[in-house]
Amino acid sequence: MQDIDLGAITTDRIRHPRFAPPGIEMEMLRLDKIHPSISGNKWFKLRFYLEEALRLGKKRVITFGGPWSNHLLATAAACRQIRIECTGVVRGEKPAVFSDTLQKAAGMGMHLEFLDRRAFRANKHPSAWLDDENYFIPQGGYGLPGVNGAATITEYMDPLGNYTHILCAVGTGTMLAGLVRSARPGQRITGISVMKNNMQLEDDIRRLLMPSDIPFQLLHDYHFGGYAKCNQELLRFMNDWYSHTGIPTDFVYTGKLCYAATDLSQQNFFPAGSRVLLIHSGGLTGNVSLKKGTLIF
Ligand SMILES: *Cc1c(COP(=O)(O)O)cnc(C)c1O
């Protein structure tokens, strides 16, 4: 299997009057290029958890996610690389047919367990798991090691980029917290929430950042119906974005991010002279759940 290739990260200039109107420089940090399945931000969020699991000599990593979870797939691939066993606890009853994500994760050697939604939400773990040999990673990598890992994303940004604004898609907020923590003074960090009315998000992120009170901003108007929901407008936008920039996006996270960045720039959200960096956090494998032919890439 392919190794993580941090050297593959590029910063792509967005050149199109609609996506980067005159007076605004827009670039995209291509974290999606580091690996086909441990894509984007997931490796950054996992790196210190996995280092700790190895350091503590744990036998097995256990983590949690839904049937289309990029986090489960990334964990499966990363654990295979460092040769540690892993178990993915999947929300919901065991399906007759596995999602593409679960098939891939299982194919990489992840052992899958299914937990009904109520037990999953209540964190009801079978007591057999509470073994000293197991190392638990919270769903989505939410937690301080995840934040510390995400903070290292900044090391791959162009130091001469002088970005005034950094925008990223937000699920649990772990990546955003890392970006906020490592931001330069005065840099504005804006998160595009991909969930509908996830109003506890700000507190979730604040908790990760404590005791600091560095400012950040969350926008809740670009969810397109909610988590993993999309519509024709978003899909058309993603195709359009691709044909002008050559950058593929996913419909759960980065498509919504690019849509938001474009919309915001047309609403004069960015003052003239702004230098905007979008984080391409990966997630492209999720597009296989769309009907074939929906996307041109
Ligand atoms: C998981 C994921 C995110 C969200 O990251 P959080 O740290 O949970 O906010 C964003 N983009 C992609 C592509 C992801 O897979």
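Here are a few questions and answers about this predicted model.

User: What should I know about the model and its numbering?
Analyst: Residues are numbered from 1 along each chain as its sequence is written, and side-chain values use heavy atoms, with hydrogens and water left out. The model is predicted: local features need pLDDT of at least 70, side-chain atom pairs count only at pLDDT 80 or more, and totals for chains, interfaces and linings use all residues.

User: How far is an oxygen atom of the ligand from a backbone N or O atom of M175?
Analyst: Polar contacts here are pairs of N or O atoms within 3.5 Å. The side chain of K42 has an N or O atom 2.7 Å from a ligand oxygen, and the side chain of N70 also has one at 2.7 Å. For the backbone of M175, the distance is 2.9 Å.

User: How much of the ligand's accessible area does the protein cover?
Analyst: Accessible areas come from the Shrake-Rupley method with a 1.4 Å probe. On its own the ligand has 390 Å², and the protein covers 97%.

User: Which residue caps the N-terminal end of α8?
Analyst: Helix α8 spans residues 232-245; helices are DSSP runs of H or I with at least four residues, numbered from the N terminus. A side-chain oxygen lies 3.1 Å from the backbone nitrogen of E233, and the residue providing this cap is N231.

Conventions
Polar contact = N/O pair within 3.5 Å; in protein donor to acceptor, adjacent residues only side chain to side chain. Helix = DSSP H or I, 4+ residues; strand = E, 2+ residues; numbered from the N terminus. Expected span 1.5 Å × (residues − 1).
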